[in-house]
Amino acid sequence: MMSRFARSSTAGFGDMTFCLRVCVRLAVGGGCRVVLRRCSTVPGQVGSGEGCSTGLGQAKEGAGVRVRFAPSPTGFLHLGGLRTALYNYLFAKKYGGTFILRLEDTDQSRLVPGAAQAIEDMLDWAGIPPDESPQRGGPVGPYLQSQRLQLYSSTVQRLLQSGHAYHCFCSPQRLELLKKEALRSGQTPRYDNRCRHLEPAQVQQRLDQGLSHVVRFRLQEGVESFQDLVFGWTRHEVAQVEGDPVILKADGFPTYHLANIVDDHHMGVSHVLRGSEWLISTSKHLLMYRALGWTPPTFGHLPLLTNKDGSKLSKRQGHIFIQRFKAEGVLPEALLDITTNCGSGFDSNRMGRSLEELIAEFNPTKITTHSALMDLDKLPEFNRIHLQRHVDDPQLCSSLVDHLQSLLLLQYSELSLDQDVLQPEYITRVMHHRKGHISSVKELLSPQYSYLWIRPSYTPQQVAAVTSEAPHIASLVIRLMEQSGELTVERLSSELKAVAKQSQRTQYREVMKLLRLALSGLQGPSVAEMMVCLGVSETVQRLHRLLQPAHT
């Protein structure tokens, strides 16, 4: 049997007879608009005419590029969803278009409380907020499918009246038997289209009896090819391998197959960028567009985002949810950076790109069909790079300081933190000295950095066990700190050796041990490095205790 799925051998639309033309036209008042045009020399494309077609669906004149991210709130936003949203956002911003968030909540039995709100909140956190959404509103709302049922119902009536859809009264029990029989014989389960052949009088009789029913779309053979932005010319003889699909369920809610085309049409979506798992369903959707007399949008199916070993990302993994990354201190810029770095769609591939750079370098002709392998083991390095940029930006650094203050109060709630270490100036200093060494703000809460926040507690006996010259050594180091200019590890290391030579009975090793005891309680990095991180004021404050060793 010949393959029911066929596409051109030229994958990736840099090799196809397809081009994106960015046309900047002068508008009234001297402004301009940017429109993506789709040009094809291959005949028989659904929705295409002679020469160029705008590929803008039912977008109003001047509306330009309109793309959408349409997740289902049956779960929280994860990496795969974020990648789809990001590519839609980049596409919209690259070409001066509109990014829409639409929530497909028609599967009422699987809705997760709070997921709808959380999805939009996570897009905001990631820095890719929608222009139109359930929370923001917009000119073609509502943006929740459960609030658009009348629109779907009227569309179904059109399809019923034109003969492109029909009522199906088959019971769940019969459908289950069909499925079991197909599996038993080694075939793919499919509906046998039994109710397609009911006479109008039989249909009306069942409706009058109030029998439970769904509405199915009548599939047709001989589907036309369509040109996918990524996979090239494609067609799927859906009628030969599938039964007629349900488009309206018994509860009055539409299925994805109906709702997505109705909403894309009425929202003026020009380009549909979605996961490649929907590629084989697109021919089915195009049949619906043709039945309704609507011009379809341009489709582009993004390759899968997988684990580094090629296995599929699964919600069961837990760690792929965006809220978890946020809670772990991952910066949104780092998450966007690694998500694009492992895939395609850019003129070059490098670490450390900002969102503005991603938009500027985004090139949809570079999107390939190969799966994007994500190595989350590299995420700390991406986060380290972007954390360093945050620290160097005064406004972003201020936000980091506020965040770290709240974490410190939470971490050391049972201890009495000295107010000096909670001052923004002190925390900012620590941030600047640790940037490049840490990959997350939360690392500063680890035991190795506790000396930064907790002044050590020690006894006179501990000091005496090290040296009897503690007050003398402390006074020398205090004088050194108060007279020092810019503190550097190299300079302090040299000057501390000179200080040790001024003591009469204490060797250099004991001097370092004494200072370490006073600064951190014997833990932490080198003494000079601690003094640089603590700064003059905090270092002097801690050394003053050594001037009176009889007191703890």
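How many of the five residues of strand β13 (residues 298–302) are buried? Five of the five are, so to speak a mostly covered strand. This is a predicted model.

- Thr-298, Gly-300 and Leu-302 point one way from β13. Phe-299 and His-301 point the other way.
- In a regular strand, side chains alternate between the two faces of the sheet.
- Strand β12 (residues 271–275) runs parallel to β13, and five bridges join them.
- His-271 has Thr-298 in β13 as its bridge partner.
- Between β12 and β13 the chain passes through helix α8 (residues 282–292). This β-α-β crossover is right-handed.

**An open sheet**
- Three strands form an open sheet in the order β7-β8-β11, and their pairing is antiparallel.
- Its edge strands are β7 (165–168) and β11 (246–248), each pairing on one side only.
- On average, neighbouring strands of this sheet are turned by 45° against each other, direction ignored.
- Strand β8 (residues 214–217) is joined to β11 by two bridges.
- Arg-216 has Val-246 in β11 as its bridge partner.

**Nonpolar cores**
- In soluble globular proteins, nonpolar side chains tend to be buried together.
- The largest nonpolar core here has 142 residues. Ile-128, Leu-335, Leu-452 and Trp-453 touch the most other members.
- Beyond its neighbours within four places in sequence, Leu-452 is in contact with Val-421, Tyr-426, Val-430, Leu-444, Cys-533, Leu-534 and Arg-542.
- Another core, of six residues, lies apart from the largest one. Among its members are Tyr-166, Cys-170, Tyr-191 and Cys-195.

Key:
Residues numbered from 1 in each chain as written. Predicted model: local features only at pLDDT ≥ 70, side-chain atom pairs only at ≥ 80, totals over all residues. Heavy atoms only, no water. Core = buried A, V, L, I, M, F, W, Y, C linked by side-chain atoms within 4.5 Å. Buried < 20%, exposed > 50% of the residue type's maximum accessible area, 1.4 Å probe, protein only. Contact = heavy atoms within 4.5 Å. Pairing = 2+ DSSP bridges. Helix = DSSP H or I, 4+ residues; strand = E, 2+ residues; numbered from the N terminus. Axes fitted to C-alpha atoms, helices over the stretch in contact; angles between N-to-C directions. Right-handed = clockwise from strand over helix to strand, strands pointing away.
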